[in-house]
Amino acid sequence: MQYFEQMQLVPIFPDHFQSTGMNMKRRRFIKLASLTTASALPLLKGAKAGVLSIDKSAAVNDETYEMFVNPRNYHKPFVRWWWNGDRVTKEEALRELDVMKDAGIGGVEINPIKWNENADAIGIKELTWGSGEWLDVVEATVKGAKEKGITCDMIIGSGWPFGGEHVPRNEQSQIIILGTKNLKGGQTYTFNKTELVNSVEPPSNYENKVSTLFMLRLAPAVMNEFTPGVSLDDQVGNDSITVKVPAGDYVLYYLVKVNGFQRVIQGALGAKGPVINHYDQVAVQNYLDHFGELLTRRLGPLNNYFRAFFTDSIELEGANWCDDFFEEFKQRRGYDIEQYFPFILFKVGEMGNAVKEKYGSTFSPELQAQINRARYDFLHTKQALFEERFVGTFTAWCKKQGVKSRMQAYGMDCNAIDASMQLDIPECETWIWVPQIEEFDEKEGDFSGRNYTMVNKFVSSAGHLSNKQVISCEEMTNTGQIFSTTLERVKITGDQSNLSGVTHSILHGFNYTPLEAPFPGWLRYGSFFNERNTWWPYFKLWSTYKARMSSVFQNSVMQADIAVLHPLADLASKYGFQRDPFPNVSYPKYVHKVWEAIHQNGNGCDYISEKVLQQSNIGNGSINFSSRSYKTLILIEVETVMPETARAIKQFADAGGKVIFIAKTPHLSSGLAGYKEKSEEIATISKTILSNHPKTAGIVAAPEKDLITWYRNIQQRFNITPYITISNPVIHVSQLYYKNGERGIFYFTNYSAAKLHSFKASFNTNKTAWLWNAETGERLLYPVKNGVLNITLGPSETKLLVFDNEKSGDMYVPVDATSLQEMVINGPWQLALKHFDGTTKQLALDTLIDLKKREETKDFSGTITYSKTIPLNNLGGKTLLSLGHIYDVSELEVNSQKIGTRWYGNHVYDISNAVHKGDNQISIKITTTLGAYTKSLKNNKAAQEWSGGELYGPTGLDKPVKILKG
């Protein structure tokens with residue numbers, strides 16, 4: 001069993017201490033990342049292959065730090081390994097495993113996927129999923145991976161959702177879709193049934209679907225009180241439908257059931273048929289057993305080769321039906337939903353989202369509220385069936401196989417918290433939307449700059465609530481300009497992913513592609529993590545950094561003493577549950593930004609569900625669930641809850657807990673049965689809480705724009721103590737607090753590539769502060785004065801500050817940037833260009849310029865070496881060379897001495913020990929992205945598919961190079 005599975009969970013709350021002295025060995029360590037005029041991290045000693053030695057100051061048997069220095073394979077990034085069209089061979093699969101291992105990748109998710117017709121197959125056969133030939137390659141791959149120490153996961157089936165050619169008709173997905181026709185009173189209408197059925201289309205339109213007329217209802221066009229309307233169901237079997245309309249305006253509601261309406265998205269040959277019915281336990285079980293038996297016959301026990309089996313995106317395109325739904329609904333909700341059914345369904349379009357158009361009857365506000373409550377019951381029942389029949393069946397099947405369940409359990413069809421808690425490895429998503437690094441935007445409803453999706457915090461919270469320290473993420477999902485993605489872009493995206501609670505990266509992804517395939521190879525998706533990428537030789541700088549961060553996070557527990565409840569019942573009643581991670585509606589618009597403000601102000605929070613709140617042990621001012629404990633509950637415009645939830649909130653308030661209602665208080669009951677009495681109870685409870693606990697409970701106004709100040713005011717009003725007090729919080733810097741035994745660990749990250757930020761951080765601790773450098777594996781004592789740390793984060797920089805009882809070590813000493821003198825290095829510069837296509841070129845430039853602005857180099861991608869001799873006479877003190885912020889990877893040589901590599905932030909080098917009096921030879925090597933080159937390949941379909949939009953950033957150096965001396 002892996003170490004992280006054996007750990008006991010540590011206490012939730014930080015200890016409180018006083019500052020003490022420490023015995024320090026001092027050595028100069030340039031704080032390059034915190035210079036005012038330029039910044040970058042120190043030389044990446046850890047980029048070299050091999051195992052690093054442990055810092056002399058490391059405690060005996062310090063397993064956490066030892067794993068930080070030398071992360072295990074399961075800490076390293078994994079990749080989604082697309083087997084493009086299953087055009088795979090044993091030899092190439094084993095070769096690619098070696099390529100990935102050498103790049104610092106610790107595991108693969110084998111993911112057979114549809115062939116991209118823009119690629120050149122170079123005569124390699126497309127294997128049929130599940131065939132003997134395909135199984136030969138699977139067997140060789142998993143056995144080879146085991147020998148190489150690479151972990152294997154595998155997607156169940158191919159593409160998403162579950163499905164395939166072998167799925168029988170009675171186990172295929174079903175949807176009830178809504179059609180309406182406005183009819184004038186006093187007339188008789190005749191409709192052809194086939195025309196009615198064909199007038200509505202499901203969101204996904206698989207050619208082998210079967211559509212049948214399911215329900216006919218004639219209802220008044222204006223309704224002030226509920227009436228089920230006139231049932232015309234006795235005509236659903238007729239070829240011709242006759243409707244006699246009474247006086248007045250009416251609406252004909254006709255519901256069509258479509259069986260087998262969706263096919264597997266991007267399914268490979270042999271696995272691209274109809275999707276299964278995820279609300280039918282028999283269908284789910286049969287599908288899983290078919291997959292398991294296929295592999296077991298060849299491999300034997302699957303846990304010999306696989307860590308986990310994976311379920312990808314639950315994109316059911318609006319599927320909403322199983323044959324026993326009405327019966328299950330009545331049993332669970334206590335009434336018959338059939339009378340409300342036509343009125344609670346939305347017309348749906350792309351991806352199953354509700355369309356934005358006016359249709360059907362017009363309801364009075366009171367009746368609309370009644371219908372919304374019935375709709376909530378329907379959607380709540382649908383989610384319950386999905387979680388029981390799909391998620392529960394999947395996790396039980398994985399357990400039977402002796403492997404872990406890994407799944408993206410969110411969307412319209414399940415509660416992200418309740419469903420993800422059932423999984424061994426809950427998973428979320430972090431995307432790269434565009435190559436440029438966007439700044440965060442504070443506008444209401446604007447999520448610019450955010451790479452983590454709206455669902456990440458739900459999933460990571462579910463992991464915390466169910467004691468999971470491995471929370472995975474489909475990371476770097478990229479369907480845009482993949483060739484223009486920089487390593488800095490990868491870093492910021494991954495840092496944001498960690499900030500959302502992720503501890504385990506599954507990169508999106510590595511495309512199976514033989515070297516013989518013409519450039520750019522076989523591509524399905526992803527950020528071109530590929531050996532043909534210009535920056536691939538430097539990829540291990542990031543993967544090592546990421547692995548070290550993951551080693552800490554996976555072996556520690558993220559702290560949170562604030563619980564946040566979203567208004568999900570209100571959202572579902574009004575708009576339906578949303579297609580996370582990309583909701584059409586955010587309700588209220590700022591709802592996904594509240595957690596950001598909490599963390600930016602030094603606190604930590606988890607999301608919780610009503611079910612979690614109801615099942616919690618409440619007492620002594622705390623909501624206690626499993627190992628989690630919360631002192632404060634924030635409800636974001638929650639109006640609708642179950643009575644059991646309201647009672648739990650009151651119990652918490654009565655026990656001394658802090659209850660903060662944003663803008664509104666709960667006063668409505670979810671669901672229809674007993675609504676009036678339940679709502680009165682809930683409203684009374686809310687009033688009682690506010691009147692009985694004026695100091696610890698209250699209503700606060702919704703934020704208008706500045707959520708950081710808004711939340712800081714809440715901190716002060718309700719006396720909420722942060723884990724760390726931050727002097728001047730900003731929107732582009734945030735933190736997490738972890739505990740590892742007696743250690744306190746703070747993760748600070750600046751996800752702006754343009755802004756440096758300095759602040760004072762106050763810690764109530766008597767432990768020693770250390771900076772753990774995730775790039776080098778070193779740790780250094782961090783200067784503390786009266787419990788206050790001065791922290792500067794350069795663009796794109798992170799810092800991992802660890803508080804423990806070790807007191808002896810080398811000191812991290814920042815440079816006073818204000819004391820440095822600046823000298824611009826003027827031209828001419830000699831340039832040696834080596835194009836990706838193998839051609840070379842020599843240039844001389846008097847002034848540095850973006851090479852895309854020159855006709856002869858506008859399409860250049862590759863390496864550019866800038867050379868120049870510079871005289872230096874006044875030596876002594878520190879001498880730094882600054883390239884400023886650039887978008888690509890740089891390497892520096894001075895007088896034939898390799899100084900180092902920079903791949904994000906401001907590229908600054910300490911050249912003090914390399915320069916001498918007189919002339920000094922400077923050589924700067926820039927490695928660009930492939931974007932300019934691939935965009936120029938107009939006849940290359942594979943390249944053009946992923947090269948749309950404007951190019952990002954300059955090619956080469958376009959700003960003055962500077963010497964900083966002091």
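Residues are numbered from 1 along each chain as its sequence is written, and side-chain values use heavy atoms, with hydrogens and water left out. Because the model is predicted, local features need pLDDT of at least 70 and side-chain atom pairs count only at pLDDT 80 or more, whereas totals for chains, interfaces and linings use all residues.

The largest nonpolar core has 221 residues, and Trp81, Phe306 and Phe309 have the most contacts inside it. A nonpolar core is here a set of buried Ala, Val, Leu, Ile, Met, Phe, Trp, Tyr and Cys residues joined through side-chain atoms within 4.5 Å, where buried means under 20% relative accessible area, exposed over 50% and partly exposed in between (1.4 Å probe, protein chains only). The largest share of this core, 13 residues, comes from α9; helices (H or I, at least four residues) and strands (E, at least two) are DSSP runs, numbered from the N terminus. A second, separate core of 29 residues includes Leu831, Tyr866, Ile870 and Ile924.

Two packed helices are described by the angle between their axes and the distance between the axes. Axes are lines fitted to C-alpha atoms, for helices over the stretch in contact, and angles run from 0 to 180 degrees between N-to-C directions. The axes of helix α7 (residues 325-333) and helix α9 (residues 365-401) come within 10 Å and cross at roughly 105 degrees, and the two helices are therefore roughly perpendicular (angles under 35 degrees count as roughly parallel, over 145 as roughly antiparallel, 65 to 115 as roughly perpendicular and the rest as oblique). Among the residues that meet are Phe325 and Arg332 in α7 and Phe378 and Glu388 in α9. Helix α14 (residues 568-575) packs with α9 at an angle of about 110 degrees, with the axes 8 Å apart, which makes α9 roughly perpendicular to α14 as well. This contact (heavy atoms within 4.5 Å) is made by Asn372, Arg375, Tyr376 and Leu379 of α9 and by Ala569, Ala572, Ser573 and Lys574 of α14.

Gly521 lies in the loop between β17 (504-511) and α13 (539-554), and is buried, with a relative accessible area of 3%. Leaving aside neighbours within four places in sequence, Gly521 is in contact with Ala119, Thr513, Arg532 and Ala942.
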